[in-house]
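Colleague: Can you walk me through this model? I'd like the helix packing and the charged pairs.

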Amino acid sequence: VGQPWQPLEAGDLLWLIAWAAQRQRAVPAGSAAIAVLCEVVLSAQNPDDRLAAATSLARVALPEIVLGEAAAALQAAVHKDENERVRATAFAALTLLQRRMVA
């Protein structure tokens with residue numbers, strides 16, 4: 001019998017580590033990297049980066065302490081991002097997050 005499924009830690013996302021490295025930044029370990037994901041969702045120049053960040057926020061472990069920050073970033077993307085795919089992905093991620101917050 002294998003290990004039970006565990007969500008990814010934000011600090012372990014290879015694409016996020018590469019994104020940060022291109023900007024000569026480091027990604028904090030574990031859930032501390034949620035702030036970086038939120039930053040990417042809100043302000044990355046490339047829509048593919050914003051899309052990846054929104055998708056990741058729906059898939060990574062989100063401790064209760066960062067749920068509000070993640071939800072706020074996704075909500076801003078839903079209402080303000082100029083890219084339709086980013087808005088749709090942010091909406092789907094926000095829906096999953098809100099279900100988690102209510103449960």
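**Helix packing and charged pairs**

Modeller: Start with α2 and α3: their axes come within 8 Å and cross at roughly 140°. Axes here are lines fitted to C-alpha atoms, for helices over the stretch in contact, and angles run from 0 to 180 degrees between N-to-C directions. Helices (H or I, at least four residues) and strands (E, at least two) are DSSP runs, numbered from the N terminus.

Colleague: Before we go on, what sort of model is this?

Modeller: This is a predicted model, where local features need pLDDT of at least 70, side-chain atom pairs count only at pLDDT 80 or more, and totals for chains, interfaces and linings use all residues. Residues are numbered from 1 along each chain as its sequence is written, and side-chain values use heavy atoms, with hydrogens and water left out.

Colleague: OK. Why are α2 and α3 classed as oblique to each other?

Modeller: Their axes cross at roughly 140°, so the pair counts as oblique. The classes are: under 35 degrees roughly parallel, over 145 roughly antiparallel, 65 to 115 roughly perpendicular, and the rest oblique.

Colleague: Is that crossing left-handed or right-handed?

Modeller: Left-handed. That label applies if the near helix is turned anticlockwise from the far one by less than a right angle; clockwise makes it right-handed.

Colleague: Which residues meet there?

Modeller: From α2, Ile34, Leu37, Cys38, Val40 and Val41. They meet Asp49, Arg50, Ala53, Ala54, Ser56 and Leu57 in α3. Contact means heavy atoms within 4.5 Å.

Colleague: Take Ser56. Buried or exposed?

Modeller: Buried, because its relative accessibility is 7%. The cut-offs are under 20% relative accessible area for buried, over 50% for exposed, and partly exposed in between (1.4 Å probe, protein chains only). Ser56 lies in helix α3, residues 47-59. Leaving aside neighbours within four places in sequence, Ser56 contacts Leu13, Trp15 and Leu37.

Colleague: And how do α1 and α2 cross?

Modeller: At roughly 70°, with the axes coming within 11 Å. So α1 and α2 are roughly perpendicular to each other. The contact is made by Trp15, Leu16 and Trp19 of α1 with Val36, Leu37, Glu39 and Val40 of α2.

Colleague: New topic. How many salt bridges are there?

Modeller: Four. The rule is a side-chain nitrogen of Lys or Arg within 4 Å of a carboxyl oxygen of Asp or Glu.

Colleague: What does Arg23 pair with?

Modeller: Asp49, with the closest N and O atoms 3.9 Å apart. The pair links distant parts of the chain, 26 residues apart. Arg23 sits in the loop between α1 (14-22) and α2 (34-43), and Asp49 is in helix α3. Arg23 is partly exposed, as its relative accessible area is 37%. Asp49 is buried, at 16% relative accessibility.

Colleague: Which of them are buried or exposed?

Modeller: Arg50 is buried, at 3% relative accessibility. Asp81 is buried, at 8%. Glu82 is exposed, with a relative accessible area of 65%.

Colleague: What else does Asp81 touch?

Modeller: Not counting residues up to four places away in sequence, its contacts are Val41, Arg50, Ala76, Val86 and Arg87. The side chain of Asp81 also reaches the backbone nitrogen of Asn83 at 2.8 Å.

Colleague: Back to the loop between α1 and α2. What is the phi of Gln24?

Modeller: Near 55°, a positive value in a residue other than glycine. Gln24 lies in the loop between α1 and α2. Gln24 is exposed, with a relative accessible area of 78%.

Colleague: Last one. Where is Thr89, and what does Thr89 contact?

Modeller: Thr89 lies in helix α5, residues 84-102. Leaving aside neighbours within four places in sequence, Thr89 contacts Leu51, Ala54 and Thr55. Thr89 and Met101 are twelve residues apart in sequence and 18 Å apart in space, C-alpha to C-alpha.

How values were computed: A polar contact is a pair of N or O atoms within 3.5 Å; within protein, one must be able to donate a hydrogen and the other to accept it, and residues adjacent in sequence count only if both atoms are side-chain atoms.
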